[in-house]
Amino acid sequence: MSSLKAYPFTLFRSVMVILLVTLIVMVTSATCFFDYQSRQNGNQMSQQLLLTQSEMAQHMLEEYLDNPHELSHLLQQYLQGGQSSLNNEMIRPEMVYLTSRAFSAIPAFHSFSWSEANGEHFAILRDKPGSRIYLERTDSRNPNLLISYNGLSEETNIVKSNDNFDVQAQPWFRSAQLQHNPWWTTTPDKQGLIATLHSPVYANKGRFLGVISSSLRVAEMSQFLESIKPGSDYSLMLIGPDQQVIASTDNAPPSAQLADPQSEDAIQTFEVGQKTWLATTFDVQDSEHLLNWRGVLMVPKTAVLAGSKQQHLLISLSIVIVILLLMAALGVVIMRFTGSLKETVKKLRQRGLTPWHKEQGSQFFPELVELNQALSSVSQAYPAAAGSPRNSLEEDSDTHFLTRGGLLHTAELYDNRNLLAMIQVSNFNSVKNALGTTLAKEFIQHFAERLRSLLPEGALCCRDREDTFIIAFAGMYEHKDVTWYRSILSSVFRMNPTEMGGESPLFTGHVGMVIEPVTKENISECLRNVSLAVQHAQSQRNGTCELFTPEMREEEVHNLRLHQALRDDLQNEGFHLVMQPIVPFVEGAPCCEGECLIRWQSNVLGFVPPDKFIALAEHTGMIVPLGKWIIETACRELADFIARGAPKDFKLHVNISAVQLSQPDFSRHLLECIHRYELNNSNICIEITESVLLHDTHRIVEILAYLRRLGISVAIDDFGSGYSSLSYLHSLPFDCLKIDRGFVRNVLDDKKSEAVIASVLMLSQSFEVPLVAEGVETAEMAAKLLAMGCDLAQGYYYSRPKPFADFTPAEGQFVVLPD
Ligand code: C2E
Ligand code: CA
Ligand code: CA
């Protein structure tokens, strides 16, 4: 027994548990770490985040506010190219083109105008995003008349006109004449603040040409702020030069004023209700740094942290996913590993060190391939090792099964096993005799392979004799479990030839089984019992499996005693012969035939009927000397009977079994006896049953034909009871049919028996041989059989079997009248 102790958990489980623990530890420590980190650096992180976000907002705002500059630049270049006069047809379409682009790209865009030095004014406006774009210009002849059109051309309706207009009187126009650089003005309007960029335009020689004004409706910028704020929790504000809020997102905190736009602190904190807000302010400029606005970006503190919490959650989730994937991958790898390891162990269990082949085809881990190869090499090498005791004594070289010695020396046999089977391959000898030892070896190897393939794991296999195998199943079984194993083992002999490519030989044989816990003390008895069971199965059809019962042993013991007594009484003359006449149905007709039957009065066992010992004598071979004694005695008794007055041609029927017929000296001995007692060959009729043909048919037919040529008759006994095919009747020579007692017994009340008798009668008539009805017990039966056409009768109605001396023939006449 192995001294290695197994851990209570498998490799698979251990690795999975380790990974699971790793997972828990990693997730917990990550959570703790993030928690600690956010507590330590929470403020710093959120402030940093806010600053970065404010920079982005600043950048986007500045880009937006640069649009008026760009527009002015484009027009300026055009005007400075000498196209300054509004009288020039090109300038107006150019302005319409530029503004239409600006209106669609910048929702807050309000107006774009060109005010010429001579007081002419041309403007394109939109009151609010989405509403109509219209033209406003001074009359070409009167610069004080400003006309507002409904659309972009002067052909559209005039909406209003102002004849007091004087662009030159506007403060910004006057300022433009004094400076070259552009500047911003903010003017309140009904709908909020309007921020306008004024760009003075000078000709190359320094002559003032006019002013380009490009304006934004600041209130409309709230929409833009909404679109650029970093998250929904954030709010963004624009603070004008007078510290007033000029635009803001909807969700700005009511006391946003708490954030001081002028504060030097990068981040300010203020409370609104329960919430702590973080705020940062930044400059808002156009590209030329002409605007002095400020931006304020604000966010509740919790919202910034939530962002980082989300990040942490994402990291934790990634850890979980990675480890789960790792677990799955390792699980597959381990299962593949342990799976193939188990396969190797199974094979090792099943085949032990009997040669087995390396796995082919499938892929395995290199370690397992190595193990497999090593074990396979050991298994190949082991039996070949010279002088190995297992090789020579404990293992069968043909099948690599254990020998009986090997089986008995295997410790596992005595470990938790109670089911043994013995399998006898009955056609092995025929194969060996007919095809030779080499093919017989292949035959038995095929059989062993097939057997092995059917057996469950852990079964020990042993080749006990050339044609006999012993199987010890692993585990403990009850009687009800046996059915399953019976059918497995019987199936060895019920093989479908296609199963093994149609090349496999057919096996015939029998199986015995025994249920008994196997110990070193009782193993011999177990093997004896299983052997008895197989012996029982042998008298039945192919593939029969018998389970040992105590009655089998009792019968065996009885048979042994019987056998012993038979042998003793053969010498002590405990036997004698009786004769039962075979008489014609016609009453009073002389009797010319009789059957001699053996009687055994044993000193030890008392009277033993022939049914009880003939089969045993046949089985043990005792029938050979006994049969010789019967033939000799029958001839002597018959000679004496004739001498006492029986007809000279009296025919004595002697029962002969197949074993006797197969004896090479059978004919010689029979003829010798007939000759010794000065009888004729025609005085003897040998009775055989159909079953003799089951043996060596060809040889038996030859012997019978030989004896018939010499004048000895042949009767077929118990006709109709056994062999079902009638085809043998053509090859078998015979002179008389005896119909089985079983049919005769029921002739009066069973139509089927009557029909069988009638058909046998027809058969005998067509073969032109007489039919003897055995077992005629009453006058009614005799009358019926006579009426049916039977020729001869034998039975208690006429005479019981009696010693020859009890019959009294007279002067060549022997008449038997019903008792
Ligand atoms: P079997 O050859 O069929 O022998 C006929 C059997 O029928 C005999 O039984 C006989 O006693 C019995 N019998 C005859 N008439 C009647 C009847 O009217 N009613 C009934 N119920 N039975 C009747 P037995 O003598 O007991 O022999 C049994 C069998 O033993 C024989 O059957 C035969 O197969 C075998 N046997 C007997 N003597 C010999 C022998 O000398 N050599 C061999 N090889 N076998 C023998
Ligand atoms: Ca007989
Ligand atoms: Ca018979």
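## Close-up views of a predicted model

**View 1. The site of the calcium ion (ligand 3).** Are Asp717 and Glu774 buried or exposed? Both Asp717 and Glu774 are buried.

**View 2. A bridge from one calcium ion to another.** Which residue bridges the calcium ion (ligand 3) and the calcium ion (ligand 2)? Asp717 does, and the two ions lie 3.8 Å apart.

**View 3. The site of the calcium ion (ligand 2).** Here the coordinating atoms come from Glu595 (OE), Asn655 (OD1), Glu687 (OE) and Asp717 (OD), at 2.1 to 2.3 Å. Their spacing in sequence reads E-x59-N-x31-E-x29-D. Glu595 in strand S20 (residues 593-602) and Glu687 in strand S23 (residues 684-689) are 92 residues apart, and the pair links distant parts of the chain. Glu595 and Glu687 are both buried.

**View 4. Two phenylalanine rings, edge-to-face.** Now let us turn to the aromatic rings. The whole structure holds 26 aromatic pairs. In one of them, Phe103 and Phe109 have ring centres 5.3 Å apart and planes at 80 degrees, so the pair is edge-to-face. Phe103 and Phe109 are each buried.

**View 5. An aromatic pair between Phe650 and Phe814.** This pair is also edge-to-face, with 6.0 Å centre to centre and 65 degrees between the planes. Where do Phe650 and Phe814 lie? Phe650 is in the loop between helix H16 (623-643) and strand S22 (651-655), while Phe814 is in the segment after strand S28 (802-803), so the pair ties together parts that are 164 residues apart in sequence. Phe650 has a relative accessible area of 0% and is buried. Phe814, at 3% relative accessibility, counts as buried because the cut-off for that word is under 20%.

**View 6. A cluster of phenylalanines.** Which residues do ring pairs link into a cluster? They are Phe401, Phe428, Phe443, Phe447, Phe469, Phe493 and Phe507.

**View 7. His510 and its surroundings.** His510 sits in strand S17 (residues 509-515). With 7% relative accessibility, His510 counts as buried. How far does the side chain of His510 lie from the backbone oxygen of Arg541? The side chain reaches that oxygen at 3.3 Å.

**View 8. Arginines over tyrosine rings.** Two further spots show an arginine above a ring face. Arg132 lies over the face of Tyr134, at 4.5 Å from the ring centre. Arg800 lies over the face of Tyr796, at 3.9 Å from the ring centre.

How values were computed:
Residues are numbered from 1 along each chain as its sequence is written. Chains are lettered from A and ligands numbered from 1 in the order in which they are written. This is a predicted model: local features need pLDDT of at least 70, side-chain atom pairs count only at pLDDT 80 or more; totals for chains, interfaces and linings use all residues. Side-chain values use heavy atoms; hydrogens and water are left out. Helices (H or I, at least four residues) and strands (E, at least two) are DSSP runs, numbered from the N terminus. Buried means under 20% relative accessible area, exposed over 50%, partly exposed in between (1.4 Å probe, protein chains only). A polar contact is a pair of N or O atoms within 3.5 Å; within protein, one must be able to donate a hydrogen and the other to accept it, and residues adjacent in sequence count only if both atoms are side-chain atoms. Rings of Phe, Tyr and Trp (its six-membered ring) pair if their centres lie within 6.5 Å; planes under 30 degrees apart count as stacked, over 60 as edge-to-face and the rest as tilted. A charge sits over a ring if NZ of Lys or CZ of Arg is within 6 Å of the ring centre and within 35 degrees of the ring normal. Donors are N, O and S atoms within 2.8 Å of the metal (3.2 Å for Na, K and Ca); water is not among the atoms, so sites may look incomplete.
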